Amino acid sequence: MAIIANSLIALTALLHVGFLVLEMFLWTGPRGRAVFRMTPEQAETTRVLAANQGLYNGFLAAGLFWSLIQPEPAFAFELKVFFLVCVIVAAIYGAWSVKPRILLIQGGPAIAALVFVLMAS
């Protein structure tokens, strides 16, 4: 159970690194515009907001990676639960405010990871 939980946490963290790159560095380029179906003008207008959002995704990834290397098991468990819940809340808000698919893409791996973290404890 713990191996599956940690693998899902790593996957969730890597996804958030990808979101960081997309939102901070690729937002106004062809890839960023295609993913979010934006015109060049829309992408440029929202560039700073997206970079800010990308930075927050980076913090989530950092916390998840921290939870994987934390040597104290009880504290590692708390970190895992805290950061996974943060990701899930962000996914729920994104699904409500932007598009429902965000819950699956961002929240799905985090929800699965949280279930396995709780089962492994």
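## Surroundings of Gln106

In this predicted model, Gln106 touches His16, Phe19, Asn57, Val87, Ala90 and Ala91, when residues up to four places away in sequence are not counted. Gln106 itself is part of helix α6. One of these neighbours, His16, is also a polar partner: the side chains of Gln106 and His16 make a polar contact at 3.1 Å.

Gln106 has a relative accessibility of 10% and therefore counts as buried, since the cut-off for that class is under 20%.

## The nonpolar core

The largest nonpolar core comprises 15 residues, and the members that touch the most others are Ile9, Leu64 and Leu84. Two or more residues come from each of α1 (2-24), α4 (47-69), α5 (73-97) and α6 (101-120). The largest contribution is that of α5, which supplies 5 residues. In soluble globular proteins, nonpolar side chains tend to be buried together.

## Overall fold and dimensions

The protein contains 6 helices and 0 strands, so that the order of elements from the N terminus reads α-α-α-α-α-α. Among contacts with a separation of 6 or more, 60% join residues 24 or more positions apart.

The radius of gyration is 15 Å, which agrees with the value near 14 Å that a compact globule of 121 residues would have. Taken along the principal axes, the C-alpha atoms fill a box of roughly 50 × 25 × 20 Å.

## Surface and burial

Of the 121 residues, 35% count as buried. The accessible surface of the protein comes to about 7,200 Å², and carbon and sulfur atoms account for 73% of that area.

## Salt bridge

A search of the whole structure finds 1 salt bridge. The side chains of Arg47 and Glu44 meet in a salt bridge with an N to O distance of 3.0 Å. Side chains of opposite charge can pair when their charged atoms come close.

Arg47 has a relative accessibility of 40% and so counts as partly exposed. Glu44, at 43% relative accessibility, likewise counts as partly exposed. Gln106, by contrast, counts as buried.

Notes:
Residues are numbered from 1 along each chain as its sequence is written. This is a predicted model: local features need pLDDT of at least 70, side-chain atom pairs count only at pLDDT 80 or more; totals for chains, interfaces and linings use all residues. Side-chain values use heavy atoms; hydrogens and water are left out. A nonpolar core is a set of buried Ala, Val, Leu, Ile, Met, Phe, Trp, Tyr and Cys residues joined through side-chain atoms within 4.5 Å. Buried means under 20% relative accessible area, exposed over 50%, partly exposed in between (1.4 Å probe, protein chains only). Helices (H or I, at least four residues) and strands (E, at least two) are DSSP runs, numbered from the N terminus. A polar contact is a pair of N or O atoms within 3.5 Å; within protein, one must be able to donate a hydrogen and the other to accept it, and residues adjacent in sequence count only if both atoms are side-chain atoms. Contact means heavy atoms within 4.5 Å. The radius of gyration is taken over C-alpha atoms; the globule rule is 2.2 Å times the number of residues to the power 0.38. Accessible areas come from the Shrake-Rupley method with a 1.4 Å probe; for residues, only the protein chains shown count as cover. A salt bridge is a side-chain nitrogen of Lys or Arg within 4 Å of a carboxyl oxygen of Asp or Glu.
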